[in-house]
Amino acid sequence: VFIANDPDFLVGCDCTDDCQNKGRCQCMQLTIQSTKCDAGGKANVDAGYVNRRLQDVVLTGIYECNKTCSCSSTCLNRVVQFPIRARLQIFKTENRGWGIRALDDLPQGAFICTYVGKLYGPEEGNIQGTGFGDDYFADLDMIEVVEGRKDGYESDVSDEGFDEDSNNKEVEIIEDDPVFSLNDNNELEEVIPEKSKAIETKPPKPTKAEKDKSDLPKHKSVRKYFGPNEDIYIMDAMTQGNLGRYLNHSCNPNVFVQNVFINSHDLRFPSIAFFTLKFVPAGQELCWNYNYEVGTVENK
């Protein structure tokens, strides 16, 4: 998998105040203006870090300052690119294998760690998942998550097997009662009609809401602009990874996932980072919601 790191494709800032002014920092503004791509189309001026903490997930991604920026390493918009600062411990859980807990209290929005692993294309990832399991898979599906929240984007649903002719009519055949008449010998004889009568019924007219929905334009997915065969890439931490692989699942998580862009602004390859969803006391296990869909990997 090739990831372009050409600095000419990066947006950098010229801040000299450690990026304290959100309105002036180009990288922070890129995070804010990108939120217009989410459902509703409005910019979230509160998106991004506040004192190096992230209070809520930003689905359209966080753009940290990068190697082309003029700001220093103490910049307030540099978090995920630095080593882990929280004291974490890998421990053996009672019934879920290994897990991670914090040795100190963690405030809401604190950075925990990233998720690192081997990067596979969709076909290779499916082969690996079928052969060795998908327990440590993480989909790089930021594009699909954002587009899935908006109307009018192409879906994977096929119309094959459905007749698209809008003039189709439902025909109901009505059988007539038998008709008899006298023949030349004064005998009753059944008269066979030349053609059965047919009543044509038109389908009901669509409601205004249905019509408005059908009139929505079908937009091409951003991923398809990278190539017609592009699909979701997969991060696999089974054989190579960091401590992020030990974060267990919970339907009531205290950690959320955030897509972050640092030295590449390629929307297909965000860095996966974990932040605390709420205050986490020392000793509590750190968990996130996998949002796993059954059947993602064939035969698994």
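I began with Glu-285, which is buried at a relative accessible area of 16%; buried means under 20% relative accessible area, exposed over 50%, and partly exposed in between, with a 1.4 Å probe and protein chains only. The model is a predicted one, in which local features need pLDDT of at least 70 and side-chain atom pairs count only at pLDDT 80 or more, while totals for chains, interfaces and linings use all residues. I also noted that residues are numbered from 1 along each chain as its sequence is written, and that side-chain values use heavy atoms, with hydrogens and water left out.

I then looked up the partner of Glu-285 and found that its side chain meets that of Arg-96 in a salt bridge of 2.9 Å, N to O, a salt bridge being a side-chain nitrogen of Lys or Arg within 4 Å of a carboxyl oxygen of Asp or Glu. Arg-96 lies in the loop between strand E2 (88–92) and strand E3 (98–102), and Glu-285 in the loop between strand E14 (271–276) and strand E15 (287–288), so the pair ties together parts that are 189 residues apart in sequence. Helices (H or I, at least four residues) and strands (E, at least two) are DSSP runs, numbered from the N terminus. Arg-96 is partly exposed, with a relative accessible area of 35%.

Next I looked up Arg-223, whose side chain forms a salt bridge with that of Glu-144 at 2.7 Å, N to O. This pair links distant parts of the chain, with Arg-223 in the loop between helix H4 (208–214) and strand E11 (233–236) and Glu-144 in helix H3, 79 residues apart. I recorded Arg-223 as buried at 1% relative accessibility, and Glu-144 as partly exposed at 27%.

Arg-149 sits in the loop between helix H3 (142–147) and strand E7 (170–174), and Asp-38 in the loop between helix H1 (26–34) and strand E1 (62–63), 111 residues apart. Here Asp-38 is buried at 15%, whereas Arg-149 is partly exposed at 45% relative accessibility.

I also found Glu-230, Asp-266 and Arg-268 linked in a network of salt bridges, and a search of the whole structure gives 7 salt bridges.

Last, I turned to the chain as a whole, which has 4 helices and 15 strands, and 33% of its 300 residues count as buried. Among contacts (heavy atoms within 4.5 Å) between residues at least 6 apart in sequence, 71% join residues at least 24 apart.
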